[in-house]
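Please keep the sequence and the model in view while reading.

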Amino acid sequence: MNGRQKGITAGFASAVLLGLTPIFGKQALLLGFSPLSVVAIRSGIATLLLFLMLLIFRRQFFYIYNLGLIGCLLAGFVNGAGSILYYTALSRVDATIGQLLYSFYPIFVAFWLFIDRQPLSRMTLVRLLIAFPGSYLLLSSGSHPVDLIGAAMMMGAAILYALHLIINQRVLFEVPAPTVTFYTMLAMFTTVWLAYAIFDRSLPAAQVTWMPLVGLGVVTFISRLTLFMGVKHLGGMQTALLGLGELLVTVILAVWILHERL
C-alpha cells in the first residue's frame, strides 16, 4: 500500500471514529457530566492510552526536535480550546445540529490555507459564502429558538480544529505521526485540565455510569492516530474533506441512539 492509499484509509477510519465522539459526548452530558469534565476526562484517557502504547511498543517515537515540539504544543493548545468550545456547544444543541455546524471545518481549513498564502479555488470561495448563512438556517427550524451562543461556540470549535490541522501539517513534514499525535494530545490534555481545575472541578453522582466517557476516550485515542496519519500522507485539506464522512455516522447514530430528529 503506497502513501496515498494509507492516507485515504486512515482518513476514512478517522472520519468514522470521529463520528462517534458527539454521540458519546452527548450521552455523558445527559448523564450529568459538565462540558469541562467531559473534555478533561476524555483527553486524559486518550493521552494515557497513547503514552502506554508508545512506552511499550515504540519508545523511539518519544523523540522530537525542539521546533517540532513547539508546533505540537501550539496545535494542542489550539485544539484544547476548540474542544472546550465543542463540548460546551454540545450541551446547548443536539448532536446532529452540532455536527452539521462542525462539518464546516474543511471550509476553515481552506481559509487558513488562504491566510498562509496558498491559492483557493472559486468553488471554495463560494462554499465560504454559503457556510455562514447556512449555519443559521440549520438552527432556525420550526418553533425551536436559535441558540446563537451554542452555534457560535460550535463554529469557533470548527475554526480552531481547522487551525490545529494546518499547524500539525507543517510539523508532520519531518516528524512521525505517532510523535505528533502524542505531543499534541499532551498539550491538549494540559490545556483542558487547567481549565477544568480552575473553572469547574465538578463530577456527577457516584452511581452514574462512566462508560460513555471511557468510550469517548478510546475513540479519541484511535481517531487521532489515524487523523494525523491521514494528514501526513494527504495533507490537511484532503484529510478534512474525507473527514466529512463523520457527519453521516453522527446523524445516523444520533437518530438511532439519542432519538434526535432533524
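Helices (H or I, at least four residues) and strands (E, at least two) are DSSP runs, numbered from the N terminus. On that basis the chain has twelve helices and zero strands. The model is predicted: local features need pLDDT of at least 70, side-chain atom pairs count only at pLDDT 80 or more, and totals for chains, interfaces and linings use all residues. Residues are numbered from 1 along each chain as its sequence is written, and side-chain values use heavy atoms, with hydrogens and water left out.

**Overall fold**

- From the N terminus on, the order of elements reads α-α-α-α-α-α-α-α-α-α-α-α.
- Buried means under 20% relative accessible area, exposed over 50%, and partly exposed in between (1.4 Å probe, protein chains only).
- Of the 262 residues in the chain, 53% are buried.
- Contact means heavy atoms within 4.5 Å. Of the contacts between residues at least 6 apart in sequence, 89% join residues at least 24 apart.

**Nonpolar core**

- A nonpolar core is a set of buried Ala, Val, Leu, Ile, Met, Phe, Trp, Tyr and Cys residues joined through side-chain atoms within 4.5 Å.
- The largest such core holds 66 residues, and Val38 and Tyr102 have the most contacts inside it. H8 supplies the largest share of this core, ten residues.
- Beyond its neighbours within four places in sequence, Val38 contacts Ala28, Leu29, Phe33, Tyr87, Leu213 and Leu216.

**Cavities**

- On a 1 Å grid over the protein atoms alone, a cavity is a set of points where a 1.4 Å probe fits but cannot get out; lining residues have an atom within 4 Å of a point.
- The largest cavity is lined by 14 residues, of which Thr21, Arg42, Tyr86, Tyr102 and Arg224 are the closest to its centre.
- Helices H4 (66-90), H5 (95-102) and H8 (148-171) each give two or more residues to this lining. H4 gives the most, with five residues.
- Ala, Val, Leu, Ile, Met, Phe, Trp, Tyr, Cys and Pro count as nonpolar, Asp, Glu, Lys and Arg as charged, and the others, Gly among them, as polar. By this scheme the lining of the largest cavity has six nonpolar, five polar and three charged residues.

- Thr21 lies in helix H2 (residues 21-30) and is buried because its relative accessibility is 7%.
- A polar side-chain atom of Thr21 lies 2.6 Å from the backbone oxygen of Leu18.
- Not counting residues up to four places away in sequence, Thr21 touches Tyr86, Tyr87, Leu216, Val219 and Thr220.
- Thr191, in helix H9 (residues 177-199), is buried because its relative accessible area is 16%.
- With residues up to four places away in sequence left out, Thr191 touches Gly76, Phe77, Gly80 and Ala81.

- Leu74 is in helix H4 and is partly exposed, with a relative accessible area of 45%.
- Arg201 sits in the loop between H9 and helix H10 (211-234) and is exposed at 62% relative accessibility.
- Most residues other than glycine have a negative phi. Arg201, although not a glycine, has a positive phi of about 65°.

Technical notes
1 Å grid on protein atoms, 1.4 Å probe; cavity = no way out; pocket = protein on both sides within 12 Å on 5 of 7 lines; lining within 4 Å. Polar contact = N/O pair within 3.5 Å; in protein donor to acceptor, adjacent residues only side chain to side chain.
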